[in-house]
Amino acid sequence: MIAFLNSIQNATNTEFRDLDISMNYKVCILAAGTGSRMLPLTEHFNKALLPVAYKAAISHIIEKFPKEIEIVIAVGHEKNKIAEYLLCAHKNRKVQLVDVDNISNIGSGPGYSLLCCKDHLQCPFIFCSADTIVVEDIPTPDRNWMGVASTTNPEEYCTLAIQEGIISGLDDKIKCNNKDAFIGLAGIKDYGHFFASIQDDNSLIKDELQVSNGFRSLIQKNIYPITFSWHDTGNLEGYRSANTFFLEETEFFDFSKTNEYLYFVGNKVIKYFGDKKNTHNRCLRAKQLRGLCPPIQCETDYFYSYYKVSGKVMYDSITPSSVEKLLLWLKRNLWIEFNLDSKKMVEFKDACVSFYRAKTTARLNAYYKKYNLKDSSWAINGEIVPNASDLLSRIDYEWLSNGVPTKFHGDLQFDNILVTEDSSFILLDWRQDFSGILEYGDMYYDLAKLNGGIYVSYKKIKQGLFEFNEDSGGCFISTDSDHNLAQAKSIFDDFVKENNYDMRKIEILTGIIFLNMAPMHHAPFSHYIYNLGRHQINKWI
């Protein structure tokens, strides 16, 4: 993948004679490290790809620079995923990936990563750590400069002594009186002197080769401090803070799933899955749903992308007429029943049993393990509710699994349904399979997903408009009421009745879906949805 990306995007050292002098530079992003401060998020993922307000950290950096500027990226940990992401997100940028062979042993570090990139940086350049995001525009390296921000913990950073607007000294990760920390962003005009100094001084700090070895030599040539509004996404607290800062004001709660990420870059929507089988099957199902979902533009092992479609999600477009129109559209275009022979029908029912019983048991065990909880009965909103195991044991799975095999979506809720500018519909974020089956799934699962998204506005969840409070006797759960969703529920119920669908089956499946969601999200929503699922099943069992 890296070789492929390089072959389509690599450019030799550009001749800048005909260009403005301000464009005679490159950018180097250091993205080779393991991101140990971000575990467990970075165990199988590179911190440069962690989404900050639905955009990878590395995209926030790349988009700071003109498209003509070549980007050199030092890679190591999960380097193939970086290459795949860049192929989907920044295919038209000039990008050169450079392998760093030592990313965690003695002698590794930012200085070593820069030395690995040296041959590609024989001109003035800017370098930036992959976990450094700044708000301000970044100046060109027309002089030597270092990005700084104030700190009260100098022992954690490389800090600077500044006299009369010029850096006069550096102290790397020691207690001192310096108030300005180097933020991992710098412009290097005297690149030859800088690299020679790192090579000549190979002393290590905390077993790593630091860039401060090169900066000290630049003091005699003058190096200037530039203050930035800095977001350090290389630690969990800073990462959360950056998301809070860059997210729209309407989003207060992290509704993302673990090991699955969504990105918006320019006019592209990009999805990442930790299981590449899910990526592959999503793309196969996009072909089966052709005309009902956006066509895939780029597919790699772990990512796929498509172009944004203009419109609004159903949560922002709910009217009685739009809900009625949607349900009719779904019945005509999505819920097209498959005529299965007797053998296939038995396989389909077995898949339903597996999907509704075995998967739910596994998900509940994952939830209990994640939060070190035990399955027990307790009060939910003042009503004693049996434990989940007892509730599930009372379900007639023969009846529940007598499904209707149709084309299916798999996560059919209002946040995944786009109302286009011509008042038609496009389906987003479809499921990769139904218990291993790609061609068809249970229509009742789609109906239950739709029902669940009416009960619980995931738009309001993202805004933090829900409650989960617990004490020794039980818990209280609630979410803001919504008149439009109440109307939608009434229309949905009428639709179910008019088509002779089994409402009790839909409602119990809705509770099962809520239980399945619990381990996939973050607290307190995971606890809210788990208890809502138990309450829902208890009501309808």
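## A buried aspartate to start with

Let's begin at Asp411, which counts as buried because its relative accessibility is 14% (buried means under 20% relative accessible area, exposed over 50%, partly exposed in between, with a 1.4 Å probe and protein chains only). Asp411 has a partner: it forms a salt bridge with Lys449, and the closest N and O atoms are 3.2 Å apart. A salt bridge here is a side-chain nitrogen of Lys or Arg within 4 Å of a carboxyl oxygen of Asp or Glu. The two residues come from distant parts of the chain, 38 residues apart, with Lys449 in helix α13 (residues 443-455) and Asp411 in the loop between β19 (405-406) and β20 (417-420). Lys449 is buried as well, at 12% relative accessible area.

A word on what you're looking at: this is a predicted model, where local features need pLDDT of at least 70 and side-chain atom pairs count only at pLDDT 80 or more, while totals for chains, interfaces and linings use all residues. Residues are numbered from 1 along each chain as its sequence is written, and side-chain values use heavy atoms, with hydrogens and water left out.

## The whole protein

Stepping back, the protein has 17 helices and 24 strands; these are DSSP runs numbered from the N terminus, helices being H or I with at least four residues and strands E with at least two. Its C-alpha atoms fill a box of roughly 80 × 55 × 40 Å along the principal axes. Of the 541 residues, 54% are buried.

Side chains of opposite charge can pair when their charged atoms come close. Searching the whole structure turns up 17 salt bridges. One of them joins Lys271 and Asp429, at 3.2 Å from N to O. Lys271 sits in strand β13 (residues 268-273) and Asp429 in the loop between β21 (425-427) and β22 (441-442), so this pair ties together parts that are 158 residues apart in sequence. Lys271 is buried at 6% relative accessible area, and Asp429 counts as buried at 18%.

Another pair is Lys489 and Glu507, whose side chains meet at 2.9 Å, N to O. Here helix meets helix: Lys489 is in α15 (residues 483-498) and Glu507 in α16 (residues 503-517), so the bridge ties together parts 18 residues apart in sequence. Both Lys489 and Glu507 are buried.

How many disulfides does the structure hold? Take Cys128: the nearest cysteine sulfur belongs to Cys28 and is 9.7 Å away. Cys128 counts as buried, at 2% relative accessibility, and Cys88 does too, at 1%.

## A loop serine

Ser376 is found in the loop between α10 (342-371) and β17 (378-380). Is this serine buried or partly exposed? At 37% relative accessibility, Ser376 counts as partly exposed. Ser376 and Ala388 are twelve residues apart in sequence, with their C-alpha atoms 7.4 Å apart in space. Leaving aside neighbours within four places in sequence, Ser376 is in contact with Asn387 and Arg534.

Methods: Disulfide = S-S within 2.5 Å. Contact = heavy atoms within 4.5 Å.
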